[in-house]
Amino acid sequence: MNYVALDLEMTGLHLKTDHIIEIGAVRMKSGNAAAHFSTLVNPHQTLSAHIIDLTGITDDALRSAPELSEVLPAFLEFCGDDPILGHNLNFDYSFLAQACLNRRLTWHPLGIDTLKLARHFLPAEQKKSLPELRHFFSIETDQVHRAYDDAYAAAMVFEQLYRQYGSSHPAFFEPRPFQIRIKRQQPVTIPQKEQLHRLLSEYTPSPKKDIPLDQMLSDPQFSIDALTRSEASRLIEQLLQARSDGTTLL
């Protein structure tokens, strides 16, 4: 079976507020790795300590990384018309589908989820996370929680399960369409940009050190141009509220 196994690393778990920081994929042909795709992505958002510890990816590494708009067309070309595969695939696919929709790129692949296969075929007492399945199937990779290595591990999980159960249960291994609904996130508008620049020119950070608004605005990765329309609206509301409170604006 031919497919593209993929994995993403993100700034967090929330589709509306978090961003892709790494894409990794491996093209599989008849059980063998035939090609790979791997890139970091600049999220214009400082990483949390948890994400840095989990992935080993740093803000410095992402600062010079390409934009998602630059790498996404190349990634879609790499995938071609093949089905995609991943562990808990709906999660990663939702981020990619949102990114495609925002940029008016068409991509409607079929998918195979190794988490669903593992839950169906493996004993109930066997933990089904990708690190646990790595150990269960003796899959060796260079790193954990890095996109390419996790994509390759998911492919090897699939190959192991397919060899054991594919001939007797072929329907379970067939690629299927995704059942998720997302809406296009509109980019920040010119009037919003103008209002934000005006409000930010009046803004003075609070003496307190733990104000989320101050932390976001002091982030060296922060960029008005990278905001979506809804993100810009929320920021405008926060700045207007701060002005109303009279505590953090000049």
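This is a predicted model: local features need pLDDT of at least 70, side-chain atom pairs count only at pLDDT 80 or more; totals for chains, interfaces and linings use all residues.
The chain holds ten helices and five strands. Its C-alpha trace spans about 70 × 35 × 30 Å along the principal axes. Of the 250 residues in the chain, 45% are buried. Residues 24 or more positions apart account for 68% of them.

Helices α3 and α4 pack against each other through a contact between their side faces that can be described residue by residue. Their axes come within 11 Å. The crossing angle is roughly 110°. The two helices therefore count as roughly perpendicular, since the class covers angles of 65 to 115 degrees. From α3, the contact uses Leu68, Leu72, Phe75 and Leu76. From α4, Leu96, Ala99 and Cys100 take part. By class, the contact has seven nonpolar residues.

Pockets were examined next. Rolling a probe the size of a water molecule over the atoms shows where empty space is left. The largest pocket has a volume of about 1,200 Å³. Its lining comprises 40 residues. Nearest the centre of this pocket lie His19, Pro43, Ala226, Leu227 and Glu231. Four elements, α3 (68–79), α4 (89–102), α9 (212–217) and α10 (229–245), each give two or more residues to the lining. The lining of the largest pocket divides into 15 nonpolar, 16 polar and nine charged residues.

The second largest pocket has a volume of about 480 Å³. It is lined by 21 residues. Asp7, Leu8, Glu9, Phe91 and His145 are the closest to its centre. At least two lining residues come from each of β1 (3–10), α1 (49–55), α4 and α6 (130–136). Nine residues of this lining are nonpolar, seven are polar and five are charged.

Most residues other than glycine have a negative phi. Asn88 has a positive phi, near 60°. This residue sits in the loop between β4 (84–86) and α4. Its relative accessibility is 37%, so Asn88 counts as partly exposed. Arg104 is not a glycine either, and its phi is positive at about 60°. The loop between α4 and β5 (111–113) holds Arg104. With 65% relative accessibility, Arg104 counts as exposed, because the cut-off is over 50%.

Thr39 belongs to strand β3, which covers residues 32–40. Is Thr39 buried or exposed? Its relative accessibility is 15%. Thr39 therefore counts as buried, the limit being under 20%. Neighbours within four places in sequence were set aside in listing its contacts. The remaining partners of Thr39 are Ile21, Glu22, Ile23, Pro66 and Val71.

Note on methods. Residues are numbered from 1 along each chain as its sequence is written. Side-chain values use heavy atoms; hydrogens and water are left out. Buried means under 20% relative accessible area, exposed over 50%, partly exposed in between (1.4 Å probe, protein chains only). Contact means heavy atoms within 4.5 Å. On a 1 Å grid over the protein atoms alone, a cavity is a set of points where a 1.4 Å probe fits but cannot get out, and a pocket is an open set with protein on both sides within 12 Å along at least five of seven lines; lining residues have an atom within 4 Å of a point. Grid points are joined across faces, edges and corners, and a volume is the space filled by probe spheres set on the points. Ala, Val, Leu, Ile, Met, Phe, Trp, Tyr, Cys and Pro count as nonpolar, Asp, Glu, Lys and Arg as charged, and the others, Gly among them, as polar. Axes are lines fitted to C-alpha atoms, for helices over the stretch in contact, and angles run from 0 to 180 degrees between N-to-C directions. Angles under 35 degrees count as roughly parallel, over 145 as roughly antiparallel, 65 to 115 as roughly perpendicular and the rest as oblique.
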